[in-house]
Structure formats: C-alpha cells, structure tokens
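User: Please take a close look at one helix pair in this model and at what surrounds it. I would like the geometry, the contacts and the criteria used.

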Amino acid sequence: NRWMKSHRKHATLGKPSPVRIIINEMDFIKTRDDDETANLIWNDSAVQHEKIAELRNYQRINHFPGMGEICRKDCLARNMAKMIKCQPQEYSFIPKTWIFPAEYTQFQNYVKELRRKRKQKTFIVKPANGAMGHGISLIRNCEKLPAQEHFIVQEYLDKPFLMEGYKFDLRIYILVTSCDPLRIFLYNDGLVRMGTEKYHAPSEANLSQLYMHLTNYSVNKHNENFERDETVDKGSKRSISWFTEFLRTNDYDVAKFWGDVSELVVKTLIVAEPHVLHAYRMCRPGQPPGSDSVCFEVLGFDIILDRKLKPWLLEINRAPSFGTDQKIDYDVKKGVLLNALKLLNIRASDKKRNLAQQKAEAQRRLYGHGSMKKLSAASSDWEKQRHTLERRREELKERLAQVRKQISREEHEKQHLGNYRRIYPPDDKLLLEKYESLLSAAFQTFLAGRAASLQKEMNNPLKRMKARTSVADCHGLTHAQTHAHKQRKLQKPTPKHIQTLVDKQT
C-alpha cells in the first residue's frame, strides 16, 4: 500500500483497520500501488532489496533489508549461537536451541548426557520458518525425532510465571527508525496473550494439550474456553499496561522488569545490526553519513517470563498482525502505529525539498561550485597549507551540519515520543558503553572469515555509528550552544584550530 503525504484527508472504504485509520488521521492520501513517488510505502511482507535501492531520499518503507537474520527462527538461532559463544553472560535469555538437520547429532548427544544423569526434559519442536503456532509440538521421547527434517528444537521452559493459573506470553512492539546510526524505541504497551487451559508441568499425559502449553492467539482462539472481553483486565487477551500495574500492585520490581525487557530487545537487535547495516548500504551506496533512513520497521517481540520474572525471547515478527479482532487490539495497535508515524516525521514538503537539493547538487557538479582546486606538483607550501585548511574547513562544516541535524532529530523525537521511549542509544552512559562493546563483538563475529574489503567497508560505519549515537549527548548541546560553539571556532581559523575541533567532533 502506498500513501502520499498531503494536507487533505483521504476517506477509506471497507473494513476499518488501524493502518488505514491512522494513515487517514496523519493526512495521507491513498495512492495507486504502482505510484513510484509515494511518501510512505507499507508492505505486509519483506521487501526486495531492489525496491529499497530504487527509493528516493524522501520516501519511507516499513522494512529493513537483512532483518530476516533475526526474524526467521533458524537464522535467529544460528546468529544467537555465535553471540552466546563470545558473550555467554550477556546472551542468557535464549532457551537452548538446535537447528535440524545440521545439529541433530549434537542434540542426541545432549539427550544421552541427560539420560546418563537421569534427568528428564521436555523439548518444543517448531518449523524453521513457521508462524502462528502451525506445526509446533512438544516431545520427551527424543529418539523419535527424524534426522533430516528442517525444524528448530528448543528446551521447553517448564516453570513459567503464571497468571490466574494460566501460562502467557507478551507481545512487545518495537520501532527501529534507523540502522546507521542504530535507533530503537520500545512501545510502553502491548498484549498479554494467555493459554486457555490451566497450566500443569509437562508430562507424557498432557504433551498434546496445546491450549495449555502454547500461548499463540492463533491457536487459543479456537478453544471454547477462549474469553473475549472488552476490558483490559479480563479475558484471554489483556494489555501490558494492565500487567505492569498488576506487577506494581503485587510488589514486583517493575523498573527491573522493564529494564530486563529493554536489554533483551537491544541485545537482540545488536545481533541483527551488522547484517542490516551491510544490506542497507548495499541497497543505498554513496549515502552521506547521517542521512535520513528510507527504511523503518515495527517489530513484534514475543517474550515469555519464567517464575522469577526473567524474560526469555521466543521469536520476532517482522510483520506483526494489525488485525483488530477485539477492542484491546484496536486500542493498542492504533497507538503503536500513530506514535510511530509521528516519530518518523514524514512531511508533505519532503518531496519538494529533496527535488530542490538534487537540482542544486547537479548545478554544483556542472559549474564546479563548492569543489576545491586540485594542487599541482609546483604548488607552494603556502598553497598546500591553504588547501589543507580549506579541506578541513569543509570537513568541519559537514560534521557541524551532521551534529545540528542529529540535535534537530532528537528534539523532534523528544517532543513526539507519545507512548514510545528510546532504548538505544540509552541515556545511561555505562549502559551505552556495554552496548557498544556488544556491537563491536557482533561486527567482529559478522566479519570473521569475510573478505578484507568488506571488513574495511564495515569497520568505518561502526566507528561513525558510535560517534553519532553519542555526539549530541556527550556535548550536551542545544541549538544555541551549537551555534555559539561553531562561531567561536570559526573565528580566524588556523589549521590547528580546525584540527582540534574536527578531532573533538570525531
């Protein structure tokens, strides 16, 4: 679906959905699906890389390339296993996982070791690229598993946190607005999705009772015990805002709960970041640092809590359902979308401004304005020094423009967060340092064994990304301070002055 940003509202026909209603409220006009100039393009499935490459700078599309590396169950398991190997303490929120058929032997060896220790465990089997609970089963007799099938096997979390005796999971909504630099926002509400049979620890007698063991809405809605309720505190589907209040009322540490959830989300997206950044740069080569991202993504993180309230990652949906079977769906999902689009700041003037910039850039290239004269072998020392000064001045102007743009972006975000909060980059400097260390480890893991040219290409964006994620926070600059700072440094510039400021900005 494609929409043009306008000052007029567009009336939609057919069954109302949050996407259409929010688009209407945000003053977009629905255009033809083949309109190549639309401001906003919304796809319900992953987008081909060629489509992202063709987008103009003012356009926005709701998927990043490369995000499948954490949204497919097998890819998530494979990439998480690599990070667990180098950062086991930080990545302890994933159940033990095996990818079949490649890891069939390792799994059977693990089961033999359990048997030797006289331990009994339950495992959950999932299709490698399945969705909505299709094809999921629980097993204890592991010898029956076929060796050549493509699926994921995980240890089953048999001691979950229960609500009124029922097992449940949480659907957490996450907005990623940029991958270069990485910017992640968490929506402060979501859905609590409950099983529809009272929970009992798995046994041979109840392994097939999926209404007890699975929390998928697509599974439990078929049970006659499924309760539809128009309030947020009753029924088989409830709101996370209600759950947060439930925790507070029962003297649980709510701040720690949300902190743990936020860390789980950020650490998971750190695993995806090298893949996403590389794919994005392949689609958008030559984009100057700090350019507005043409991609954004609303992700649905499915998380389960154990009885100690520790969150465990189940899976990530890159096309979370925006269906509204109940009022609670509509209320939560409408907020997710409305607040996301406000944060993205898509304006009707973006198209005109982009065309004007393209025209000005073409004229500069044609007439040579803004380009520095090349030095010849006969250039004097004074000319060389002047050329160096001019080059550094251009670099400084570009860095300052980036800082101003980032500060402007952050000011817009702060004013339009709505029910979102930014979780990366975090305000906590120690937490930021930890995340940047994990980012570095993720890039090293991604680049291991790859071509030297790719290593060089990806190393520079990582350094720039680190600088840009914290530049505004580190300097604590406002618009006025930035202007004053620039004026002071640009008065009677010398190579030494310019170099000092450039070094500070980097």
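Analyst: Packing of H8 and H9

Helix H8 (residues 240-249) packs with helix H9 (residues 254-283) at an angle of about 135°, and their axes are 9 Å apart. This is a predicted model, in which local features need pLDDT of at least 70, side-chain atom pairs count only at pLDDT 80 or more, and totals for chains, interfaces and linings use all residues. Residues are numbered from 1 along each chain as its sequence is written, and side-chain values use heavy atoms, with hydrogens and water left out.

Helices (H or I, at least four residues) are DSSP runs, numbered from the N terminus. Axes are lines fitted to C-alpha atoms, for helices over the stretch in contact, and angles run from 0 to 180 degrees between N-to-C directions. H8 and H9 are therefore oblique to each other; angles under 35 degrees count as roughly parallel, over 145 as roughly antiparallel, 65 to 115 as roughly perpendicular and the rest as oblique.

On the H8 side, the contact (heavy atoms within 4.5 Å) is made by Ile 240, Phe 243, Thr 244, Leu 247 and Arg 248. H9 contributes Val 254, Phe 257 and Trp 258.

Helix H9 also holds Lys 267. Lys 267 has a relative accessible area of 7% and is therefore buried (under 20% relative accessible area; exposed is over 50%, partly exposed in between, with a 1.4 Å probe and protein chains only). Leaving out residues up to four places away in sequence, Lys 267 touches Glu 90, Tyr 91, Phe 93, Lys 434, Tyr 435 and Leu 438.

How values were computed. Helix = DSSP H or I, 4+ residues; strand = E, 2+ residues; numbered from the N terminus.
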